[in-house]
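Good morning, and thank you for coming.

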Amino acid sequence: MTQTLKTKVLIIGAGTGGYVAGIRCGQLGLETVLVDASPGLGGTCLNVGCIPSKAIIHAAGKYETVAKAAGDGTLGITASTPAIDLSKTVEWKDGVVRKLNAGVAALLKKAKVKVIKGWAEFSDAKTCTVKTDDGDIRITAEHVILATGSEPVELPFLPFGGDVISSTEALSLPEVPKKLVVVGGGYIGLELGIAFRKLGAEVAIVEMAERILPLYDKALTDPVAKWLEKHGVQLLLGARAGGFGDGKLNVTDKDGNPMQLDADKVLVTVGRRARTKGWDLENMGVAMSGPFVKIDNRCATSMKNVWAIGDLTGEPMLAHKGSAQGEVVAEIIAGNDRVFDPTTIAAVCFTEPEIVSAGLGPDDVKGRDDVIQAVFPFAAIGRALAIEAGEDGGFVRVIASKSDHRLLGVQAVGQHVSELSNSFAQMLEMGAVLEDVAGTIHVHPTLGEAFHEASLRALGHAIHI
């Protein structure tokens with residue numbers, strides 16, 4: 001027998017967009033039902049993406065630190081050669097995820113959001129049937145928020161299964177593969193490839209473009225490329241992967257020559273696509289923009305009172321974008337006048353070293369004579385040198401309008417620069433000018449001083465260079 005349920009707001013997907021939308025709806029007094037089929041609340045980010053990958057990356061960094069101390073030692077510290085039981089590392093990572101799952105569940109409960117575990121299938125824009133372990137539930141809603149997220153892209157000649165894995169399986173491997181080949185030189189492939197290299201795997205990266213991280217300018221990616229070279233990562237650029245069998249991946253190099261790479265595991269990270277299949281999106285009558293659900297600046301779809309947020313709506317596919325959109329939609333449903341119109345959405349690559357980009361980059365202003373650009377190296381920052389973060393070619397760059405000095409973009413590459421991303425975004429969002437950054441007393445000794453000095457340099461009077 002099918003149960004029936006009516007609600008003010010129905011949210012499909014409990015990722016960083018969906019659960020934040022649910023919490024905010026609850027805080028605003030809106031009757032809300034959230035439907036999600038995944039084992040744990042939090043979506044890709046919390047379960048098989050941002051959080052677990054950063055946990056593994058953190059563990060890999062710890063292992064690398066101890067490994068450096070073996071032999072001749074480092075910083076006067078010596079240690080025995082380390083060993084790793086990756087299954088125990090994964091167990092720790094899973095514990096972090098479970099703790100956060102429970103935290104999200106508690107927050108939703110506090111907000112009086114009804115959570116239903118199951119798979120939703122829509123018959124029309126406001127009606128779906130959820131298949132649960134306890135039977136079917138038919139839900140009708142006044143408002144529907146679609147937050148179904150994204151999933152890894154599978155290559156037809158390298159289907160997932162066995163030793164061909166996505167990032168999901170890579171985060172739960174029981175042991176470090178001796179030979180790992182990563183297909184795709186974007187941020188996911190590089191983050192995980194670098195982590196496994198630190199853990200002792202032999203790593204090769206196959207990328208179709210002529211350089212890694214092609215969405216970022218070359219100055220930002222060069223320090224990462226140097227790290228890969230220094231640590232023996234085989235980098236095949238302009239190359240195409242083929243089929244895999246008998247522990248060998250077929251590859252065509254940039255000159256068209258066939259070759260084979262030995263691999264215990266092949267990690268395919270060629271991108272992510274919006275999760276639009278399996279829940280009868282076509283029955284909802286919403287307009288599409290290519291492979292994504294089309295929205296306006298209120299996150300409204302073409303169907304009245306149907307909203308879409310997060311990866312489902314297109315690039316940038318970033319968790320913090322989905323969360324911000326979720327809050328906006330909740331406010332609009334509650335009757336508040338809101339739009340989603342950020343000045344910038346900062347992006348971070350947790351590579352070695354890390355990369356941050358917010359606002360316009362040098363490629364965006366190429367050929368323009370109405371902008372100022374200035375770079376300040378971490379090699380001239382005391383804190384960076386004191387934590388071994390100043391010798392990898394890292395820097396902070398500012399781009400500003402020549403006429404009024406308004407900040408247009410800020411980028412950085414270097415160890416731990418992800419922690420500067422919010423400062424960059426905040427200054428851009430507030431419409432800061434170079435003088436605002438220059439006039440802010442930055443704490444010494446910190447990496448943030450490089451942002452201060454880059455702004456001073458753009459004004460023509462840097463102190464420490």
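Let me begin with a definition: a cavity is a set of grid points where a 1.4 Å probe fits but cannot get out. The model before you is predicted. By this rule, it holds 1 cavity of 30 Å³ or more. How much space lies in the largest cavity? The figure is about 40 Å³. Its lining consists of Pro152, Ser166, Ser167, Ile188, Val268, Thr269, Val270, Gly271 and Arg272. Sorted by class, that lining has 4 nonpolar, 4 polar and 1 charged residues.

I turn next to a pair of helices. Helix H3 spans residues 50-69 and helix H4 spans residues 86-110; their axes come within 10 Å and cross at roughly 140°. The crossing of H3 with H4 is right-handed. Which residues meet there? From H3, they are Ile51, Pro52, Ala55, Ile56, His58 and Ala59, and from H4, Thr89, Trp92, Lys93, Val96, Val97 and Leu100. By class, this contact comprises 9 nonpolar, 2 polar and 1 charged residues.

Finally, I come to a sheet. It is open and antiparallel, with 3 strands in the order E12-E13-E14. Strand E12 (240-245) and strand E14 (258-262) each have a single partner strand and stand at the edges, so one side of each is left without a neighbour in the sheet. From one strand to the next, the twist averages 30°. E12 pairs with strand E13, residues 248-252, over 4 bridges in the antiparallel sense. To find this pairing in the view, look for Phe244, whose bridge partner in E13 is Leu249.

Terms used: Residues are numbered from 1 along each chain as its sequence is written. This is a predicted model: local features need pLDDT of at least 70, side-chain atom pairs count only at pLDDT 80 or more; totals for chains, interfaces and linings use all residues. Side-chain values use heavy atoms; hydrogens and water are left out. Two strands pair if DSSP finds at least two bridges between them. Helices (H or I, at least four residues) and strands (E, at least two) are DSSP runs, numbered from the N terminus. Axes are lines fitted to C-alpha atoms, for helices over the stretch in contact, and angles run from 0 to 180 degrees between N-to-C directions. A crossing is left-handed if the near helix is turned anticlockwise from the far one by less than a right angle, and right-handed if clockwise. Contact means heavy atoms within 4.5 Å. Ala, Val, Leu, Ile, Met, Phe, Trp, Tyr, Cys and Pro count as nonpolar, Asp, Glu, Lys and Arg as charged, and the others, Gly among them, as polar. On a 1 Å grid over the protein atoms alone, a cavity is a set of points where a 1.4 Å probe fits but cannot get out, and a pocket is an open set with protein on both sides within 12 Å along at least five of seven lines; lining residues have an atom within 4 Å of a point. Grid points are joined across faces, edges and corners, and a volume is the space filled by probe spheres set on the points.
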